[in-house]
Amino acid sequence: DNIGIETPFTVQLDDPLSFAANAVLFVEKVIYQNNDLASLSGTMNYMQGKATLKARLQTPLQKDLGIDIAGEIQGQQYDFAIHLPTTQVDFANFQPLFTMTNPPDFTGTISLEGRYNNDNRSASFTLTDGNLSMTEPQLSISNISTTVTLPQLPESRSNPSQKLTADAIDIGGLHFRKAQINYRFEDSSTLFIEKSQLGWCDGKVDTGSLRLTPNTTEFETTLYCDRLNFGQLLMQLGVQGAEGNGSLNGRLPLAVNEKGVFFDDAFLFSTPGENGILHFNNTQMLRSGLPDIDQAVTLNYSMQALENFTYDWSRLRFKSEQDKLTLTLELKGQPSSPLPFALKNGQMVQDDQGAGLQYPLRLDLNFNLPQEDIFRFGKNLQKIKENL
């Protein structure tokens with residue numbers, strides 16, 4: 001009863017080309033999971049062998065969101081166009097269609113252009129000013145922009161190297177900036193990420209290719225890191241009170257699954273030929289990470305040195321074990337300025353009166369951090385899929 005066609009028309013049998021018809025088309029309601037999803041209204045005209053159609057598909061969930069459809073058929077030739085004018089959308093309007101227990105907040109501006117005829121069967125979808133935030137997992141993405149083109153409708157394969165950009169991506173305690181991702185849809189259920197680059201800790205990170213499907217429960221990738229700020233990186237990984245101006249480079253192989261994000265034999269190293277400075281403001285916390293040192297004076301010297309330490313060489317190793325992330329920081333250098341110590345008879349002693357000491361050090365510091373507090377995305381991968 002909700003679908004109908006009103007067809008006032010006239011027929012002249014002596015001349016088929018003079019056949020004419022005018023029809024009013026309507027689909028009053030499209031119901032999805034007991035929700036009023038959409039309606040269609042339009043007109044169809046036929047005259048002198050040509051049929052033309054004009055219609056509008058719109059949803060009551062957002063009154064100003066509608067797709068215009070126009071087309072014509074004449075003999076073996078056909079030409080249809082679809083047009084969604086630039087419209088702001090809010091995911092909150094569409095939450096009744098989903099069963100997610102913790103739905104995301106998403107707003108953005110979208111548009112759609114499509115053409116379906118004998119020579120061209122393509123459509124392009126554009127998103128700008130997109131903003132996404134979620135609590136489970138703790139994720140925020142701001143100012144998302146992308147255009148994806150499907151060149152061979154009804155196939156859902158996109159053109160290669162579609163580009164997505166975002167101003168900021170925050171995952172748990174990690175903060176990425178100026179993201180650029182090249183991707184393509186291989187079919188309706190397969191997303192292939194060709195490459196991506198993100199700003200991180202005043203440097204940049206590149207990743208390799210990655211294929212995602214609805215059946216993906218885990219994946220592996222490698223982060224190629226270039227000139228990451230040492231102090232910012234330590235802070236984002238949960239080492240509080242660390243500051244510095246040096247940079248790190250290297251590869252971080254990682255695996256993501258339903259339990260979390262895991263590193264295996266991943267490391268970063270200081271830029272060759274460039275030293276740097278590190279400041280540890282919470283040296284009390286560092287004492288638990290130092291190897292056993294028999295002499296308390298040597299320990300005190302090391303702690304004071306790390307408050308303002310110039311390193312000639314450094315390396316940061318990552319190792320995941322169950323829910324723990326172990327960071328091993330290796331440093332070789334000396335205090336940035338002389339400290340109130342001296343060497344007497346081959347032994348280090350406290351000395352407030354002398355010229356001070358800048359004795360070189362080689363230190364290994366271990367930080368055992370809770371992975372769950374740093375990475376909140378991987379452990380919720382399955383939860384996201386279940387809620388879609």
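Is Cys201 buried or exposed, and what is its relative accessible area? Cys201 is buried, at a relative accessible area of 4%, where buried means under 20%, exposed over 50% and partly exposed in between, with a 1.4 Å probe and protein chains only. This is a predicted model, in which local features need pLDDT of at least 70 and side-chain atom pairs count only at pLDDT 80 or more, while totals for chains, interfaces and linings use all residues. Residues are numbered from 1 along each chain as its sequence is written, and side-chain values use heavy atoms, with hydrogens and water left out.

**Overall make-up**

- The protein chain contains five helices and 26 strands, these being DSSP runs numbered from the N terminus (helices H or I, at least four residues; strands E, at least two).
- Of the 388 residues in the protein chain, 40% are buried.
- Among contacts in the protein chain with a separation of 6 or more, 49% are between residues 24 or more positions apart, a contact meaning heavy atoms within 4.5 Å.

- Cys201 is in no disulfide, and the nearest cysteine sulfur, that of Cys225, is 8.9 Å away.
- Cys201 lies in the loop between strand S13 (190-200) and strand S14 (203-207), and has a positive phi of about 50° although it is not a glycine.
- Asp202, in the loop between S13 and S14, also has a positive phi, of about 65°, without being a glycine; Asp202 is exposed, at 66% relative accessibility.

**Second largest pocket**

- The second largest pocket holds about 250 Å³ of space; 13 residues line this pocket, and the closest to its centre are Leu57, Thr59, Leu65, Ile67 and Phe94.
- On a 1 Å grid over the protein atoms alone, where a 1.4 Å probe is used, a pocket is an open set of points with protein on both sides within 12 Å along at least five of seven lines, and lining residues have an atom within 4 Å of a point.
- At least two lining residues come from each of strand S4 (35-47), strand S5 (50-59), strand S6 (62-74) and strand S8 (105-117).
- The lining divides into 10 nonpolar residues, three polar and no charged, with Ala, Val, Leu, Ile, Met, Phe, Trp, Tyr, Cys and Pro counted as nonpolar, Asp, Glu, Lys and Arg as charged, and the others, Gly among them, as polar.

- Thr326 lies in strand S23 (residues 324-335) and is buried, at 15% relative accessibility.
- The side chains of Thr326 and Asn368 are joined by a polar contact of 2.9 Å, that is, a pair of N or O atoms within 3.5 Å of which, within protein, one must be able to donate a hydrogen and the other to accept it, residues adjacent in sequence counting only if both atoms are side-chain atoms.
- Thr328, also found in strand S23, makes a side-chain polar contact of 3.0 Å with the side chain of Asn366.
- Beyond four places in sequence, Thr328 touches Arg315, Leu316, Arg317, Leu365 and Asn366.

**A cis peptide bond**

- Leu153 and Pro154 are joined by a cis peptide bond with omega of about 10°, and Pro154 is found in the loop between strand S10 (139-150) and strand S11 (162-171).

Notes
Grid points are joined across faces, edges and corners, and a volume is the space filled by probe spheres set on the points. A disulfide is a pair of cysteine sulfur atoms within 2.5 Å.
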